[in-house]
Amino acid sequence: MPTELKEKEFDILKAAAEYRLLTANQIAILLGRNKQSLRRKLSELENQGYLLTQSHEFGRSRGRPDRLFSITKQGIDALKSQGILAEKTPYEKVLAESISTVDHQMMMNCFRVHLSYLQTILDRMKIHFHL
């Protein structure tokens with residue numbers, strides 16, 4: 001039996017549904033969360049069956065591959081049950097398994113995540129002109 005999810009956990013699932021594939025770092029940027037505690041939460045959601053992970057290298061020959069997070073059918077059902085995702089939304093529109101080119105999806109997500117981040121920091125920035 002699935003455990004009761006909290007608002008912050010629904011936020012993670014919502015991001016995974018919207019972007020389809022995300023790294024932990026991208027989720028942390030989108031949600032303004034601490035990476036360390038977020039990684040623990042992502043592991044919990046994976047163990048509960050709401051998220052799925054896969055390893056992927058992005059054109060690098062060295063270093064550890066990134067873990068990509070995507071939502072599962074159980075995660076989609078949880079979002080639908082809360083009215084966060086429309087009941088009519090087909091699984092194929094949200095699941096990462098229907099993505100044909102992972103590198104392309106991740107490149108688009110990188111761009112979208114950075115635009116989202118810029119929007120949040122631009123609201124806090126002020127320009128001072130010294131004459």
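My entries follow in the order I made them.

**Ground rules.** I am working on a predicted model, where local features need pLDDT of at least 70, side-chain atom pairs count only at pLDDT 80 or more, and totals for chains, interfaces and linings use all residues. I number residues from 1 along each chain as its sequence is written, and side-chain values use heavy atoms, with hydrogens and water left out.

**Fold.** I counted 5 helices and 3 strands in the protein chain. Helices here are DSSP runs of H or I with at least four residues, strands are E runs of at least two, and both are numbered from the N terminus. Read from the N terminus, the order is α-β-α-α-β-β-α-α. I then looked at contacts, meaning heavy atoms within 4.5 Å. Of those between residues at least 6 apart in sequence, 60% join residues at least 24 apart.

**Surface.** The accessible surface comes to about 9,100 Å², and carbon and sulfur atoms hold 52% of it. I took areas from the Shrake-Rupley method with a 1.4 Å probe; for residues, only the protein chains shown count as cover. Buried residues are 35% of the 131 in the chain. Buried means under 20% relative accessible area, exposed over 50%, and partly exposed in between (1.4 Å probe, protein chains only).

**Core.** Which residues touch the most other members of the largest nonpolar core? I found Leu-13, Leu-42, Leu-51 and Ile-71, in a core of 26 residues. By nonpolar core I mean a set of buried Ala, Val, Leu, Ile, Met, Phe, Trp, Tyr and Cys residues joined through side-chain atoms within 4.5 Å. At least two core residues come from each of α1 (7-19), α2 (24-31), α3 (35-47), β3 (66-71) and α4 (73-81). α1 gives the most, with 7 residues. Another core, of 6 residues, lies apart from it and includes Leu-21, Ala-96, Ile-99 and Met-106. I also listed partners of Leu-51, among them Leu-13, Leu-42, Phe-69 and Ile-71.

**α2 against α5.** The axes of α2 and α5 (residues 102-122) come within 9 Å and cross at roughly 25°. On the α2 side I noted Gln-26, Ile-29 and Leu-30; on the α5 side, Met-106, Asn-109, Cys-110, Val-113, Ser-116 and Tyr-117.

**α2 against α3.** These axes come within 10 Å and cross at roughly 115°. That makes α2 roughly perpendicular to α3, a label covering 65 to 115 degrees. Ala-24, Asn-25, Ile-27 and Ala-28 of α2 meet Lys-35, Leu-38, Arg-39 and Leu-42 of α3.

**Arg-20.** Is Arg-20 buried or exposed? Arg-20 is buried, with a relative accessible area of 17%. I placed Arg-20 in the loop between α1 and β1 (22-23). Its C-alpha atom is separated by 8.3 Å from that of Gln-105, 85 residues apart along the chain. Beyond neighbours within four places in sequence, contacts of Arg-20 include Phe-69, Glu-92, Ile-99 and Gln-105.

**Thr-23.** Thr-23 lies in strand β1 and is buried, at 12% relative accessible area. Leaving out neighbours within four places in sequence, Thr-23 is in contact with Asp-66, Arg-67, Leu-68, Phe-69 and Met-106.

Definitions and conventions: Axes are lines fitted to C-alpha atoms, for helices over the stretch in contact, and angles run from 0 to 180 degrees between N-to-C directions. Angles under 35 degrees count as roughly parallel, over 145 as roughly antiparallel, 65 to 115 as roughly perpendicular and the rest as oblique.
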